[in-house]
Structures are given as structure tokens and as C-alpha cells.
Amino acid sequence: MTAPVVIIGTGLAGYNLAREFRKLDGDTPLVLISADDGRSYSKPMLSTSFAKGKEADALCMAEPGAMAEQLKAEIRTHTRVSGIDPGHRRLWIGQEAVPYRDLVLAWGAQTVPVPVEGDGAASIFAINDLEEYARFRAAAAGKQRVLILGAGLIGCEFANDLSLGGYQCEVVAPCEQLMPTLLPPAAASAVQIGLQALGVRFHLGPVLTRLDRAGGALRAHLSDASVIDCDLVVSAVGLRPRTDLAAAAGLQVNRAVVVDRQLRTSHANIFALGDCAEVEGINLLYVMPLMACARALAQTLAGTPTSVTYGPMPVTVKTPACPLVVAPVPLGQTGHWQLEGQGADLKMLCYSAEGQLLGYALTGDAVKEKLTLNRQLPALMA
Ligand SMILES: Cc1cc2nc3c(=O)[nH]c(=O)nc-3n(C[C@H](O)[C@H](O)[C@H](O)COP(=O)(O)OP(=O)(O)OC[C@H]3O[C@@H](n4cnc5c(N)ncnc54)[C@H](O)[C@@H]3O)c2cc1C
């Protein structure tokens, strides 16, 4: 019997690849293995669903059984891959060996742990998958005050969404502005003002050093000696691509699992895409790039080696308190910023010395200009 194509992970990367592959090849055995419950859902909804009052079940688009039928695949849920043996084309689930024809790593990124003292430290939530969302929602029922760690894209989205969902949010982050790696200061300030108008309070500069239980609530101690009483703490300090099993198997890893334009790792029959993959030095933790990778990799797995291309990759940040679209300046490129507009409606454009538009940040009404500007942006990976 032919060994199957095996995909590790049933997030957007794993399921989209499986769908694209099945459009081209209906016969090759296909196995998906997931450490989680294998439900199909759209992860970006996790930071917009408190405002809509949606339970985790309402975000589930398909149960694993339905996905298995749709994809003509075997789906193993709550099953953690523990090792890879590239030399023998097999992976390990504990003591069980699973052979593969080709293996695809779509195992995502994990939350960076927060080093905090105190007996409340274990109750910090991360919301990086549907099961964690369900746990947080259950814990948040009847509570009011949420402390969010991190003022990056995800922290800001949660602050907006939880505020609209009726929670009082405070944000703690050791930076001078919101989304420091993504936004020029004027855009960050427009978003901050929008979120403050919703009632969000920011503590920019200090970090959380200690979290203690205090009655039925929590008491957070910050490095600037201030104290915040809250009911729940959500960590949005960042995600780190999973690389441990790949490194242990001898695959080349850097920030993420290193792959070429065909999404091939340093081992011929092992591929990677999604949050865990670094494609020619670029590791993007967004949906649009993983969709491009899924289409290209499906072709390769179906017998037509295909390189992925990335067009411009603008990101819509889900902060309706101050609409925001940003096209980050590609890594390694520098330019000068031009600012137009005022108040919440800002258009910031970054140009190279040759006059090429490299990136932009649009807030408020200026987001309407994104389609026109996207046509002027260079492809990220042509
Ligand atoms: C709150 C939030 C909001 C977001 N909003 C946006 C947005 O608006 N726009 C956008 O473009 N992007 C957004 N993103 C990012 C986007 O959702 C991710 O880039 C994308 O979902 C990653 O998909 P993935 O399949 O690579 O990883 P994941 O969805 O993390 O899937 C990883 C899978 O691998 C499995 N797994 C891990 N380790 C193992 C193992 N050892 N064995 C077996 N299985 C394993 C997991 O169980 C899971 O099934 C958001 C992210 C978050 C957290």
C-alpha cells in the first residue's frame, strides 16, 4: 500500500493545504494529525467574537468527522507527534511509528511564556486556538476586569473586542507605543486614542512582574511599582514558531522551520507552511501567505513542483475603534515616511530613495485607499 501524505496540524495551514491537494489528487491516502480537537475554524475570529457574544461552538465551521469525509482523509485528533525520523520516512506518536510518502509540518506557533512570580501566574490565559478561547470564555463569565499583556496587533485586537464585549480592559506592555514593530508612531497614537475612547487603559513601559490571587480575583504588580486589580489576565506577548521537533530531526531551523520557495525543508520529503515556516527567510504569521503556500505546495505534492510567490501582503488590524490597515515595509528595506491627514484619519506612506512605495499605514477614513495603494506596492516575493 502507498504510504500516505501526512500533514501535522489542522489549523488554517493544514486544512487549506488538504483542500487544495484534494482538488488535484483524489486518490493518494491523506492523513492529518492534530494535537487539538481538529475542529475547523478561522483563527482571526478569536479576536472579534467577544463583541458578537459568540461561544467557541459557534465559531466551529466543521467537526473533524465532516472534514475527514470532505477531504477523503484520516484525521487523528488529540494526537501529538513526538518525533520525526526523516531517514526512514516515518514519524512517531509516542511508541507508534507512522510512515509517510511526504510529510508536511503545519504545526503553527506557540505562545511565548511570561516569566512572572506569584500564585496567580498559572492562571494567565493565552488565546491561540479554539479550545483556549473556550476555556477563556468559560473563565470570563460573570467577570469584568481583564488585564492584557502586550500591545502588539493581537493585544490591541483583544482590547477592542473585549471592551465591546463589556469588559474593562487594561493593557500592559514594555514599549513606548502600540504595535511598535508594525506602525509608525502617529498611526499607533491614533489607534491608542481610539481604544482609550472605548475605555481601555494603557500602561506602556512597565512589565508584569508578579501576579497574586486576591480573594476571588487577581492582583498584578508591575515593574514601575504600580498595582492593578483584575479578574483575568490574557497574554498576547507574542508567538514563537514551533521548531523543536524539526531541529531534533536534523532539519534546518532558524526563527522558524527553514524552507525554500517550494516549501521544502532541508530534507527532500518534508515540507512546511503556515506560522511554523520561514520561506526564503520570511516568516509571516498571517492567513494570506499561508493560502499562497497551500496552493503552491498542493501542486508540488500532486506532482508539479511549484514555487510560491507572495504579492503585497497588507494586514487589516481588527480595531474598529480606529480602523487600521498596514502594509509593513519588507524586512531589510528602509525608506522615509510621509504623513497626510489629521486626527484619526491618517495616511502614512513609506517611499524608497527611488520613489517606490514600500509600505503604508492607513487609519480611520484613510483605509478606503488601500486598494489603490496595494496596486503600487512591490511583490514581497515575486
Ligand atoms: C487572535 C488571533 C487573531 C488573528 N487575526 C488574524 C487576522 O485578522 N488576519 C490574519 O491574516 N491573521 C490573523 N492571525 C494569524 C493567523 O490566524 C495565523 O497565521 C494562522 O491561523 C496560522 O495557522 P497555522 O495552521 O499555521 O497554525 P495553527 O492554527 O496554530 O495550527 C497549528 C496546528 O498544529 C497542531 N500541532 C501543533 N503541534 C503539534 C504536534 N506536535 N503534533 C500534532 N499536532 C500539532 C495544533 O494542534 C494545530 O492543529 C490571528 C492570530 C490570532 C492568534
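Q: In which sense do strand 4 and strand 5 pair, and over how many bridges?

A: This is a predicted model. Strand 4 (residues 83-85) and strand 5 (residues 90-93) are antiparallel partners, joined over three bridges. Asp-85 is the residue opposite Arg-90 of strand 5. Four residues lie between the two strands of this hairpin, and Arg-89 in the turn has a positive phi of about 45°.

Q: Which strand pairs with strand 5 over four bridges?

A: Strand 6 (residues 96-99) does, in the antiparallel sense.

Q: How does one read the buried face of a helix, and which residues of helix 4 are buried?

A: In an α-helix there are 3.6 residues a turn, so residues three or four places apart point the same way. In helix 4 (residues 130-140) the buried residues are Leu-130, Tyr-133 and Phe-136. They line one face of the helix, because they fall within an arc of 120° when seen down its axis.

Q: What covers the buried residues of helix 4?

A: The cover includes helix 2 (56-59), strand 9 (124-126) and strand 16 (232-235). Just after helix 4 comes Gly-142, with a positive phi of about 80°.

Q: How many residues of strand 25 are buried?

A: In a regular strand, side chains alternate between the two faces of the sheet. For strand 25 (residues 357-363), seven of its seven residues are buried.

Q: Which residue of strand 25 is the bridge partner of Val-325, and which is that of Lys-347?

A: Leu-362 is the bridge partner of Val-325. Leu-362 is also the bridge partner of Lys-347. Strand 22 (residues 324-327) pairs with strand 25 in the antiparallel sense, over four bridges. Strand 24 (residues 345-351) runs antiparallel to strand 25 and is joined to it by five bridges. Strand 24 and strand 25 form a hairpin with five residues between the strands, where Gly-355 takes a positive phi near 90°.

Q: What surrounds the ligand, and which residues are closest?

A: Start with the count, then the classes. The ligand is surrounded by 32 residues, of which Gly-9, Gly-11, Ala-13, Gly-108 and Gly-274 are the closest. The shell has 17 nonpolar, nine polar and six charged residues. Helix 1 (12-24) and helix 8 (287-301) each supply at least two residues of this shell.

Q: From which domains does the shell around the ligand draw at least three residues each?

A: From domain 1 (5-109 + 240-301) and domain 2 (113-235). The protein chain is divided into these two and domain 3 (323-374). Between domain 1 and domain 3, the C-alpha centres lie 33 Å apart.

Q: Where is Thr-309 found, and why does it count as partly exposed?

A: Thr-309 is in the loop between helix 8 and strand 21 (315-317). Burial needs 20 or more other C-beta atoms within 10 Å, and exposure 12 or fewer. Thr-309 counts as partly exposed because it has 13 C-beta neighbours inside 10 Å.

Q: Which residues is Thr-309 in contact with, leaving aside its neighbours within four places in sequence?

A: The contacts are Ala-292, Ala-379, Met-381 and Ala-382. As for Val-259, it is 50 residues from Thr-309 in sequence and 13 Å away in space, C-alpha to C-alpha.

Methods
Residues are numbered from 1 along each chain as its sequence is written. This is a predicted model: local features need pLDDT of at least 70, side-chain atom pairs count only at pLDDT 80 or more; totals for chains, interfaces and linings use all residues. Two strands pair if DSSP finds at least two bridges between them. The arc is that of the directions from the helix axis to the C-beta atoms. Two residues are in contact if their C-beta atoms, placed from the backbone, lie within 7 Å. A residue is near a molecule or strand if its C-beta atom, placed from the backbone, lies within 6 Å of it. Ala, Val, Leu, Ile, Met, Phe, Trp, Tyr, Cys and Pro count as nonpolar, Asp, Glu, Lys and Arg as charged, and the others, Gly among them, as polar. Domain bounds come from an automatic or database domain assignment.
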